[in-house]
Every structure is written in structure tokens, then in C-alpha cells.
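These are my notebook entries on one structure, written down in the order in which I looked things up.

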Amino acid sequence: MQRRDLLKASPFVLAATVGQVSLADAQTEPSPAQALANVRTYGATGDGKTVDTPAINRAIEAVAAAGGGTLVFPAGTYLSFTIRLKSNVELHLSRGCTILAADSPKRGETTGYNGGSYDAAEPNDPWTPYQDYGHNHWRNSLFYAENQHDFSITGPGLIFGKGLSHGSNGARGDYYDFVANQPGVGNKAIALKNCHNVLLRDFSLLKGGHFAVLATGVDNLTFDNLLIDTDRDGFDIDCCRNVRVSNCTVNSPWDDGICPKSSYALGYARPTENVTIANNYVTGTYELGSVIAGTWKKFADDAPIPRQGRIKCGTESNGGFRNITISGNVLEGSKGISLETSDGAYLEDIAITGNTLRDTIDAPLFLRLSRRNRNPRETVRPGTLRRIVISNLVSYNSAASTASIFHGLPENMIEDVKISNCYFGHEGLPKTMRVHWAETTQPMPDWHTILVPELEAAYPELLQFGPTPSNGFFIRHLHNLEMSHVEIAPAHPDPRPAFWLEDTHRTDFLAITAPPQQNFSLHQVSDFRLTWSRAAKDTTLPTADHQLL
């Protein structure tokens with residue numbers, strides 16, 4: 001291929017041809033007319049032993065100074081500390097290329113591999129009390145960008161965060177357990193702050209630290225066809241607008257897979273809005289590294305792993321979540337889909353449709369409106385959780401100690417929820433139940449004695465409520481629920497009612513299927529209607545309390 005033809009090629013053609021490009025074809029000093037550069041020309045060795053950070057950053061600066069272009073990483077292992085992304089520069093990771101995070105300083109040491117270290121974590125006071133350590137800092141990362149625009153990381157190569165800290169206690173996999181807040185330690189794979197027009201496409205990422213990707217205040221952000229196999233969070237999309245997450249695989253056994261958030265890390269409440277999460281596979285059940293390796297090795301049933309995975313809005317929830325669709329996703333061996341507002345967020349206008357869940361380890365759905373209020377006192381306000389549509393959902397073989405929970409507050413209810421055309425198959429009344437974060441089990445108590453706590457100011461996590469006296473849904477403090485063409489299908493006998501309703505007002509049930517038994521337990525309920533259902537006879541009640549149907 002002639003150089004003039006290669007320069008016209010898209011990054012995807014480049015990925016297939018980069019192995020044929022001689023070093024003479026790479027540009028030593030790119031100009032605006034020369035949009036392609038080779039990182040080796042700037043001194044990067046790719047030998048897996050030499051620290052290539054200075055050469056990589058020098059190459060990025062040169063491409064940016066020339067007006068932008070594509071910086072190619074040919075096959076090889078590029079050992080690196082912090083790589084600083086710049087506007088108008090695409091990093092293209094060729095097949096056979098690995099960006100390897102160099103080892104951070106170990107406990108009691110001040111430098112890491114060959115005397116190097118990651119960029120220092122910048123101060124974020126006075127906002128640090130309102131979110132976890134990892135959310136407050138961006139520079140202490142393998143890749144970092146702030147106030148940049150129109151840049152991308154693409155190509156079929158691998159980002160391997162071997163030397164990063166996951167920010168929690170205990171080793172995960174066969175890797176050293178670095179301490180996140182120790183000076184010089186890298187804490188996340190890719191951290192972006194106040195950027196726009198960003199594309200992440202086609203690469204794989206192994207062991208991403210606290211976050212494979214943390215995006216805070218990033219607009220027009222696209223994740224596409226990424227393979228993430230990581231030791232904590234997958235994608236945290238915090239205070240972002242116009243985001244597309246599609247065609248990705250995320251294995252995140254220890255934390256959330258795809259997670260819109262709305263923290264106070266920017267120093268003000270900014271909503272996450274206009275987000276589509278579509279056609280992804282999310283799991284928490286496979287051993288670290290086995291998804292990328294293609295062995296797909298599941299954890300043993302008794303392994304003390306929370307198997308988190310899941311798609312969740314929250315927990316950080318100051319600004320809000322608006323205009324979000326979650327569609328066409330497959331969740332396996334993870335927790336279910338969660339919508340949480342606990343810090344005053346307005347969580348509104350959410351559509352969840354066409355998703356399948358299998359072997360969910362807590363419950364398929366969790367909607368929580370609470371008042372943890374982890375934000376500055378002068379900004380405290382009641383949150384909202386309303387206008388939620390859930391349809392065409394299939395859940396098979398989920399755990400059943402705790403039902404799907406929709407839980408508001410007595411003075412601040414969840415509002416306007418519609419559920420239709422859904423199948424919820426679960427294991428039936430269990431003998432044991434997962435507790436805490438789902439990493440351990442305990443015997444299931446007598447379900448007749450179960451009292452579900454309110455937990456108004458607690459961390460919003462479904463299993464923290466403990467077991468429920470219902471096997472399909474536990475619904476408390478909600479106004480205006482419509483549920484139609486929904487089946488609750490225990491695989492084994494479960495004498496608990498399918499539905500527990502408490503302090504609910506205006507609830508309509510149409511074409512509900514459940515095993516023939518008492519399926520509705522009603523407590524402080526008003527304006528209840530049930531019709532054309534196999535779960536119970538047609539019933540209309542202006543009020544009901546301590547009543548079974």
C-alpha cells in the first residue's frame with residue numbers, strides 16, 4: 001500500500017494494514033497534511049521492559065501540535081505510567097499491541113517499576129466527602145484527559161492494568177494489592193474529566209483498577225465494541241450527557257458493570273442524561289481474565305465473590321438521571337437492573353425494554369428512592385423517581401430470597417411506573433440466601449416472620465433489605481403502578497405471595513400469571529384493581545389493609 005493511500009484510509013483499514021507499514025512510512029514530524037504517525041518513531045520500544053511513557057507522551061504532543069491525527073501503536077508491549085490524552089488525537093492500538101500499566105509503588109515504597117510512578121492525584125476539596133476516593137481524582141490513571149475534545153482510543157489491541165490499584169481491600173486474581181491513595185499509585189485505567197466528543201472503540205481491557213473507564217462531565221461520549229474483564233467497575237458515566245454504550249462485553253465480578261452516576265465531584269450537581277445502553281453483555285460470574293482469554297471459567301458456587309456486574313443508575317446521585325434507555329442487553333450471573341436516587345437526584349423518564357437476565361444473584365429489578373443525602377447541606381433536596389417504563393423483559397433462574405423491590409419514602413413516593421410483557425422465573429423458596437453484598441450465605445428464615453426494614457438513610461442496595469415475604473415483587477411507598485401481561489414463575493414451590501403492596505395508591509394489574517395460591521398481600525393500599533388474571537380473581541378495592549387475595 002502506498003503511503004498516500006494509507007493516509008486516506010480509515011482507522012479500521014489501518015488496523016488491518018499496520019503490520020505492512022515500514023518505519024520509513026511512519027512520520028517523524030507529522031504535519032497537518034500527514035495524519036498518521038508511528039509511536040515507535042518517537043522512541044517507544046514496545047519491548048515490555050522499557051518504560052515507554054516519555055516517548056508515548058512526546059508522540060501525542062507532536063501529533064496534537066501538528067493539528068491532530070492518528071498515532072499508531074504497532075504490535076508490541078508498551079510498558080507505561082500515565083499517558084496524557086490530547087484533543088484531536090486518535091490512539092490506534094493495532095492487533096498484537098498491549099498497553100501495560102507499570103507496577104505502582106508497593107506498600108512502604110515511594111516509586112514503582114524502575115523508579116517510576118503515576119501522576120499525582122489532584123486535590124478536589126472541598127468536594128471530597130461527597131463521593132468515594134476514586135471519583136475525586138483523575139490524573140492518577142493509566143490514561144488521563146481533562147478539558148480535551150475530539151479524541152479517541154480505537155483498535156483491536158489490549159489495555160492491561162496490571163500495575164493499577166482497584167481501591168479496595170484484598171488481592172483479586174494473581175496480582176499485587178496496591179493501595180489506591182498511596183502517592184504514585186495508579187487507580188484506574190481511563191479517566192476523563194470535562195471533555196467532549198470522545199470515542200472508545202474495539203479494544204479490550206484487562207484489570208482496569210477502580211474503574212476501567214471513569215468519565216466525569218464528558219459529553220458526546222461513545223463506547224462501542226469494547227471487551228472489559230476487570231477487577232472492579234466497568235464503565236462509570238458520571239455527570240455526562242449524550243452517551244452511547246453499545247455492543248460491549250463487561251465482566252466485573254466485584255462491582256458494577258455499566259453504571260451511570262451523578263456525583264458532586266465537579267463541585268456542583270450535574271445530571272447524567274440522554275444515555276442509551278444497548279446490545280451489551282454484562283456479567284459478574286467469570287474469573288478475572290477468563291473472558292478475555294476465551295476460557296469463560298466461572299467462579300465456584302461457594303467462592304466469596306459478590307458477582308456484581310449489572311447495569312445501575314447510582315449510587316452517587318446528586319444531579320439526576322434523565323432520558324435514559326436500557327435496551328437489548330443480556331445480563332448473566334450478575335445482580336439485576338437498578339435505578340437508585342439517594343442523594344436528591346431527579347431520576348425520571350427511563351425506558352427499560354427488550355433485556356434478558358439469567359442466573360441473577362439478587363433480583364431482576366430494584367427501584368429505590370431514599371435520603372442518604374451525601375451532598376453539601378445547602379444543596380439537600382428531595383429526589384424523584386418517576387416515569388419509568390419496563391417492558392419485554394425475560395428473567396430466568398434468578399435467586400428468590402429477596403423479591404424485586406420498588407421502595408420509596410412515606411413522604412416522597414415513587415411515581416408512575418409501568419411494567420408490561422415480562423417473565424420473571426426464579427428458583428422458588430430457597431433454604432439459603434445471599435447476604436451483605438452477596439459474597440456470603442445464611443439460612444433462609446421462616447418467611448412468615450420476615451419484616452422488611454425501611455432503611456431510609458442507608459446505602460441503597462437490594463440485599464441490605466434482607467429476605468422478603470413475597471417472591472415476585474415487594475412494593476412500598478409508590479403512587480400509580482400499572483402492570484400488565486406479567487408472569488411470576490417459581491421453578492420450585494414458593495408459598496409466599498407473588499406481590500406485597502404496602503402504602504401504594506392507584507395500582508392496576510392486568511393479565512398477571514402466578515401459581516394458584518394467595519398472591520397479593522395488601523397493606524395500606526388504596527385504589528387497587530386486578531382483572532383478567534390467573535394469579536387471583538378480578539378485584540376492585542377502594543382501600544385494603546392486611547388483606548390477602
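Which residues form one aromatic cluster? I found F406, F424, F473, F499, F509, F520 and F528 in it. For the ring work I took rings of Phe, Tyr and Trp (its six-membered ring) as paired if their centres lie within 6.5 Å, with planes under 30 degrees apart counted as stacked, over 60 as edge-to-face and the rest as tilted.

Before going on I noted that this is a predicted model, in which local features need pLDDT of at least 70 and side-chain atom pairs count only at pLDDT 80 or more, while totals for chains, interfaces and linings use all residues. Residues are numbered from 1 along each chain as its sequence is written, and side-chain values use heavy atoms, with hydrogens and water left out.

Aromatic pairs. I looked up the total and found 21 aromatic pairs in the structure. I used buried for under 20% relative accessible area, exposed for over 50% and partly exposed for in between, with a 1.4 Å probe and protein chains only. F160 counts as buried because its relative accessibility is 16%, whereas Y175, at 22%, counts as partly exposed.

I then turned to W254 and F299, whose ring centres are 5.9 Å apart with planes at 80°, so this pair is edge-to-face. W254 is in the loop between β19 (249-251) and β20 (256-261), and F299 is in the loop between α4 (290-293) and β23 (309-313), 45 residues apart. Both W254 and F299 are buried.

Charges over rings. I counted a charge as over a ring if NZ of Lys or CZ of Arg is within 6 Å of the ring centre and within 35 degrees of the ring normal. K106 lies over the face of Y176 at 5.2 Å from the ring centre, and R381 over the face of Y346 at 3.9 Å.

Strands. I checked strand pairing, which requires that DSSP finds at least two bridges between two strands. Strand β15 (residues 219-224) runs parallel to β12 (residues 196-201), joined by five bridges, with L221 as the bridge partner of V198.

Terms used
Helix = DSSP H or I, 4+ residues; strand = E, 2+ residues; numbered from the N terminus.
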